[in-house]
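Here are my notes on the model, as numbered points. Please read them with the structure open.

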Amino acid sequence: MELFWFDFLIPCFPTSYQSACSLSLLLLSYYIFISFLLNLSSVPGGFAWKNYHQNPKNQLKGPKFSCNFMGPLAHRKLASMASSMRATRLMAISLGSMRVVISSSPETAKDILCGSAFVDRPIRESTRLLMFDRAIGFAPSSGNYWRHLRRIASTHMFSPKRVAGLEGLRQAVACSMIQRVEQEMAERGFVELRRVLQKGSLDNVLESVFGISGGGEFGGDLGVMVKQGYELLGEFNWADYFQLGFLDFFGVRRRCHELAGRVSEVVTQIIEQRRKDGDFKIRNDFLSALLSLPQEDLLCDADMVAVLWEMVFRGVDNIYILLEWIMARMVLHQDIQAKVRREIEIKVGHNKHVEDSDIPNLPYLQAIVKEVLRLHPPGPLLSWARLAVHDIHLDKCFIPSGTTAMVNMWAIAHDPAIWPNPWAFQPERFMELGDFSIMGSDLRLAPFGSGRRACPGKALGLATVHLWLARILQKFKWLPARPVDLGECLKLSLEMKKPLVCHAVVIS
Ligand code: HEM
């Protein structure tokens, strides 16, 4: 076990753990001292880079001392550190014993995301225990398994036909969210939108993945398990960064085991039930798509559990978090809200619900979504990092195999050299840019990532966000019930620190 790492860990303790056992604290004080001594002999990027700065001409830049890089504002801290060290193209840091490079520029981001080196993901202990190493997001890209999963995802789960086929469900969920808003307004006089969007997002995902409508028999259990999964993956686990053998600080390993067991049990029951019902050929959910695959493509049950669980997990939070940010901006910028509502009035009218087919005729609505993805991307560090599978030279610097890379998309999207007046909320900029694609071809704004590991759910995610946004703007005028606080908190995704609370006035 290496000794130098605690300097990074100490500031990461969640406050709820301050009462950790005295043995841990004793160990901690000891290692602070050791790490301090080790830091004295450190190199740019910190101790993890000690053996990799061979060429003095092309040295990576980065802080020599480890400090608290991560946490709820990691994207901002990393951005300001990279800019103060003039290391926006590439900055080296150490996370415990892990070598990390961070790109805050579109050029090096492209090299990382679209090149051949950074095609795997670093697998943390909690990720593996929660089965994600068998799902698309973390399965290694070498060998056939991951390619097989990506092919199944693009042809069967996220094909344009399936996304279109799920419109009825998106409409039904929009109607029930609208009803819930009306009910909250009648009962309380204000709406905490996050709760409505969270429930809508979960119902939508459970039905598109399992065909479970209205929560069904397992809906409640799955909702609780998703929440617990977010908490566990968001928790700091020492074993992710150091070989701690049998030690299980704060019980993360035990809790992951328990949760994975329950997920497996529930999802296996759903799979078995669907097999018995035998109606999967005529249904439009992801589970039915997996069960209808040709014999040679079929996945075993354990892999199906992992893939379906990942879809539920991924499909819930990104969507409601993005919509809450958009609505915060709508409430703050009443002129922009009025302008987009006018667009909806003119192009769709008030007597029919907005449909998917109307969205191409609503360019201002689309520009609003892009502008919010620029200012408040749900994955400011592009969610999960990438891992180099071979040595590579980036910007003439040597990066050894096994290095983790992160792209700070938040920093790129706030760079004044790329985006004039970057802090201002101006959807008009995207009207002027014309057909600017945010799907990964232009690294000035790629909130869904890019390259072979880019988000396979992006079309489904955007279709859902566009439709729901248009529907709730068509139905209500949104006003603040409390001052809007744009404070951020990076957990698994970048959330609003304080929930948005508003008044919704029905438009007659
Ligand atoms: C607004 C919505 C969404 C955003 C902003 C988003 C963002 C992202 C990002 C940044 C990545 C990493 C890309 C990279 O490394 O280049 C990713 C990967 C992924 N996303 Fe999404 N996502 C969204 C919706 C969804 C949905 C709805 C699903 C599925 C139901 C989904 C499933 C996945 C999966 C499976 C991966 C891993 C891909 C791989 O490693 O091969 N995402 N997403």
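**Notes on the ligand shell and the core**

1. The ligand is surrounded by 29 residues. Gly-315, Gly-449, Cys-455, Gly-457 and Gly-461 are the closest. Bear in mind that this is a predicted model.

2. Which elements give two or more residues to the shell around the ligand? They are helix 13, residues 301-332, and helix 18, residues 458-475. Helix 13 supplies the largest share, with 7 residues.

3. The largest nonpolar core holds 138 residues. Leu-308, Val-312, Leu-323, Ile-326 and Leu-469 touch the most other members.

4. Leaving aside residues up to four places away in sequence, Leu-323 touches Leu-197, Val-465, Trp-468 and Leu-469.

5. Helix 18 also packs against helix 15. Which residues meet there? From helix 15 come Leu-365, Gln-366 and Val-369. From helix 18 come Val-465, His-466, Leu-469 and Ala-470. By class, this contact has 5 nonpolar and 2 polar residues, and no charged ones.

6. Geometry of that pair: helix 15 spans residues 363-375, and its axis comes within 11 Å of the axis of helix 18. The two axes cross at roughly 115°. The crossing is right-handed.

7. Follow Leu-469 through the points above.

Note on methods
Residues are numbered from 1 along each chain as its sequence is written. This is a predicted model: local features need pLDDT of at least 70, side-chain atom pairs count only at pLDDT 80 or more; totals for chains, interfaces and linings use all residues. A residue is near a molecule or strand if its C-beta atom, placed from the backbone, lies within 6 Å of it. Helices (H or I, at least four residues) and strands (E, at least two) are DSSP runs, numbered from the N terminus. A nonpolar core is a set of buried Ala, Val, Leu, Ile, Met, Phe, Trp, Tyr and Cys residues joined through C-beta atoms within 7 Å. A residue is buried if 20 or more other C-beta atoms lie within 10 Å of its own, exposed if 12 or fewer, and partly exposed in between; C-beta atoms are placed from the backbone. Two residues are in contact if their C-beta atoms, placed from the backbone, lie within 7 Å. Axes are lines fitted to C-alpha atoms, for helices over the stretch in contact, and angles run from 0 to 180 degrees between N-to-C directions. A crossing is left-handed if the near helix is turned anticlockwise from the far one by less than a right angle, and right-handed if clockwise. Ala, Val, Leu, Ile, Met, Phe, Trp, Tyr, Cys and Pro count as nonpolar, Asp, Glu, Lys and Arg as charged, and the others, Gly among them, as polar.
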